[in-house]
Amino acid sequence: MLTLVTMLNDKSSNGSYKYIAQCDCGESKAIYYNQMASGRSKSCGCLSRRSGADSPNFKHGLALRDNAGYKKYQRECFDRHKYNLEPKQKQELIEKQHNSCAICGYKFGQKIGDMKVDHDHKTGTVRGLLCDLCNRGLGYFKDSKDLFNNAIKYLGV
């Protein structure tokens, strides 16, 4: 991402001023404000250079998809954004639950994507880690204890 630093005395034909902008990777670039505001320019150019984990490209999360760290980086960003869950907190949950689903005990890591973050849809609070099936089950019951109890009665348990 670019951050505006200094305005220059250079103006485009449409009236947009040029600024010096600092990229997350540390590079600086002269750029017209309207290019940054419209989203056409997101970096100093490092996003288009693709060359492994040490590249500024990796910092932006757009490293080559066959890079081993790519999926992990993307998952960490998703967990931070959606659940406000830092990697350290997630690791603590995994250890607390003995690397298994909080409901059925399924051991995570048997297949790709088998660990889901369960959260309260009203408050956004993370409750724990579930396997895909248990997570879907709670979702189908709309997190309602009444619906879940009705299902238990229906099963005759």
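Student: Which side chains meet in a salt bridge at 3.2 Å, N to O?

Tutor: Those of Asp79 and Arg75. A salt bridge here is a side-chain nitrogen of Lys or Arg within 4 Å of a carboxyl oxygen of Asp or Glu. Keep in mind that this is a predicted model, where local features need pLDDT of at least 70, side-chain atom pairs count only at pLDDT 80 or more, and totals for chains, interfaces and linings use all residues. Residues are numbered from 1 along each chain as its sequence is written, and side-chain values use heavy atoms, with hydrogens and water left out.

Student: OK, where do Asp79 and Arg75 lie?

Tutor: Both are in helix 3 (residues 68-83), 4 residues apart, or about one turn of the helix. Helices are DSSP runs of H or I with at least four residues, strands are E runs of at least two, and both are numbered from the N terminus.

Student: Is Asp79 buried or exposed?

Tutor: Buried, at 3% relative accessibility. Buried means under 20% relative accessible area, exposed means over 50%, and partly exposed is in between (1.4 Å probe, protein chains only). Arg75 is partly exposed, with 39%.

Student: What does Lys90 do with Asp79?

Tutor: Their side chains meet in a salt bridge at 2.9 Å, N to O. That pair links distant parts of the chain, since Lys90 sits in helix 4 (residues 87-96) and Asp79 in helix 3, 11 residues apart. Lys90 counts as buried too, at 13% relative accessibility.

Student: How many salt bridges does the structure hold?

Tutor: It holds 6. Another one of them joins Asp118 and Arg127, with the closest N and O atoms 2.9 Å apart. Asp118 is buried at 7%, while Arg127 is partly exposed at 42%.

Student: Switching to pockets: which residues lie nearest the centre of the largest pocket?

Tutor: Arg75, Asp79, Lys90, Gly113 and Met115, out of 31 lining residues. A pocket is an open set of points on a 1 Å grid over the protein atoms alone, where a 1.4 Å probe fits, with protein on both sides within 12 Å along at least five of seven lines; lining residues have an atom within 4 Å of a point.

Student: Which helix gives the most to that lining?

Tutor: Helix 3, with 8 residues.

Student: And which residues line the second largest pocket?

Tutor: Among them are Asp120, His121, Lys122, Arg127 and Phe148. Helix 5 (132-140) and helix 6 (145-155) each give two or more residues to that lining.
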